[in-house]
Amino acid sequence: KDREAADRLWHQLQASGAPREWKGRVLEDPAFQVWAFCERLCDESARLAESDPAAAEELAALAVTLAPKITGEEPLVCGLQEYAWSHLGNACRARGDLMGADEAFRRAQTFFVGAMAGVWPSLLRRQRLAPLTARLLCEQGKFAEAMEKIDFALGLASMAATDGGEGEAVLLLEKGRLLRRFGEAEAAVRELARGRDVAAKLSNPHLSLRLGIELGAALCDAGRPAEVKKLLASLRKPAEGLEPEQSRLPCLEGRMEAGLGRVKQAQAILERDPSGFHPRAVPELALLFLELAAFHVREGSTEELKRLVETMQPRFAERLGREAAASLKLFCRLAVQDKLTADRARQSAADFIRLVAGR
């Protein structure tokens, strides 16, 4: 009931005016100063983090300010502060501010002991915190530690009866992404398919969509593009109007076409105006470029390879992270110098997946 009331408050706030006016209203009106609304702000922040990090950060910062004002027992108030600071850290990470993210997660940790002094399982959806921490650990290159955190949280997920399995689905999404970065494509397919089965029982189409897209990417990683066609058909309508998901679908379709040897269809997708793709989809577009280039290397199509490199490389020069951009630059240099072997091209694409999967 508290969460249902928080949903109504959230919709009231959205209808009340511009986001810049929300903070004043929330901090002045006692109706908003309840635990479930603070949690709702955080959950909205998590939902927006990958598509609009700045808006996600504003919501999480509001939750951080609101949390100490909530009346309740110490474990609940401490838990809210841990929850809010963790979501602020996640928004900072999504914005590329890893130092700010690390500091926010450290602040969250200071409330851990107080939060755990109450009854277990917590009233809050604590299982949602592990994926946030794991994503930061991945950005910091601590992949094994991230996997340990995800597996530990999955072990506890059955104890959490607060969200009907949504926490487990989110954890499986993050585990699938992490397994892709480990290069374990088949394992990623299994975990993502399992997560999609869990999400199918929930009334959360966005989560199911994200799992479906990641599953499609893992199937392409595993060399199983034929299985992606039917999956794509089920994802197109749910993705309408949603970014970055809507931009990810053409990238996935292009990878499927390239994997099936339909080069013209894949290249037509690659040559679309890049400004029409959400920034979060650009690494996957670059992956499609690498896979098409690898195809030309295997076929011995040297001139077609060089044309592709000369045409496409400038599109990605300023739209990728430092490591991914350096990897792509090296690949293109080798291609132009006729130094790419089929094995080297294939390995470059696999290495690129480890750099960008799930970002």
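Modeller: P244 lies in the loop between α13 and α14; helices here are DSSP runs of H or I with at least four residues, numbered from the N terminus. The model is predicted, so local features need pLDDT of at least 70 and side-chain atom pairs pLDDT 80 or more, whereas totals for chains, interfaces and linings use all residues. Residues are numbered from 1 along each chain as its sequence is written, and side-chain values use heavy atoms, with hydrogens and water left out.

Colleague: What kind of peptide bond joins E243 and P244?

Modeller: The bond between E243 and P244 is cis, with omega at about 10°. Most peptide bonds are trans, and most residues other than glycine have a negative phi. D338, which is not a glycine, has a positive phi of about 60°. D338 is found in the loop between α18 (322–336) and α19 (342–356).

Colleague: What makes α12 roughly parallel or roughly antiparallel to α14?

Modeller: The axes of α12 (residues 205–221) and α14 (residues 245–259) cross at roughly 25° and come within 10 Å. Axes are lines fitted to C-alpha atoms, for helices over the stretch in contact, and angles run from 0 to 180 degrees between N-to-C directions. Angles under 35 degrees count as roughly parallel, over 145 as roughly antiparallel, 65 to 115 as roughly perpendicular and the rest as oblique. Therefore α12 is roughly parallel to α14.

Colleague: Which residues of α12 and α14 meet?

Modeller: Contact means heavy atoms within 4.5 Å. Among the residues that meet are H206, R210 and E214 in α12 and E245, R248 and R255 in α14. By class, this contact of α12 with α14 has 7 nonpolar, 2 polar and 6 charged residues. Ala, Val, Leu, Ile, Met, Phe, Trp, Tyr, Cys and Pro count as nonpolar, Asp, Glu, Lys and Arg as charged, and the others, Gly among them, as polar.

Colleague: How do you know how α12 is oriented to α13?

Modeller: α12 and α13 (residues 228–239) pack at an angle of about 150°, with their axes 10 Å apart. That angle makes α12 roughly antiparallel to α13. L209, G212 and L219 in α12 are among the residues that meet V228, L231, L235, P238 and A239 in α13. The contact of α12 with α13 has 10 nonpolar, 2 polar and no charged residues.

Colleague: What is the volume of the largest pocket?

Modeller: Its volume is about 1100 Å³. On a 1 Å grid over the protein atoms alone, a pocket is an open set of points where a 1.4 Å probe fits, with protein on both sides within 12 Å along at least five of seven lines; lining residues have an atom within 4 Å of a point. The volume is the space filled by probe spheres set on the points, which are joined across faces, edges and corners. Of the 44 lining residues, D43, R47, E166, N204 and R210 are the closest to the centre.

Colleague: Which helix gives the most to the lining of the largest pocket?

Modeller: α3 gives the most, with 8 residues. By class, the lining has 12 nonpolar, 9 polar and 23 charged residues.

Terms used. Helix = DSSP H or I, 4+ residues; strand = E, 2+ residues; numbered from the N terminus.
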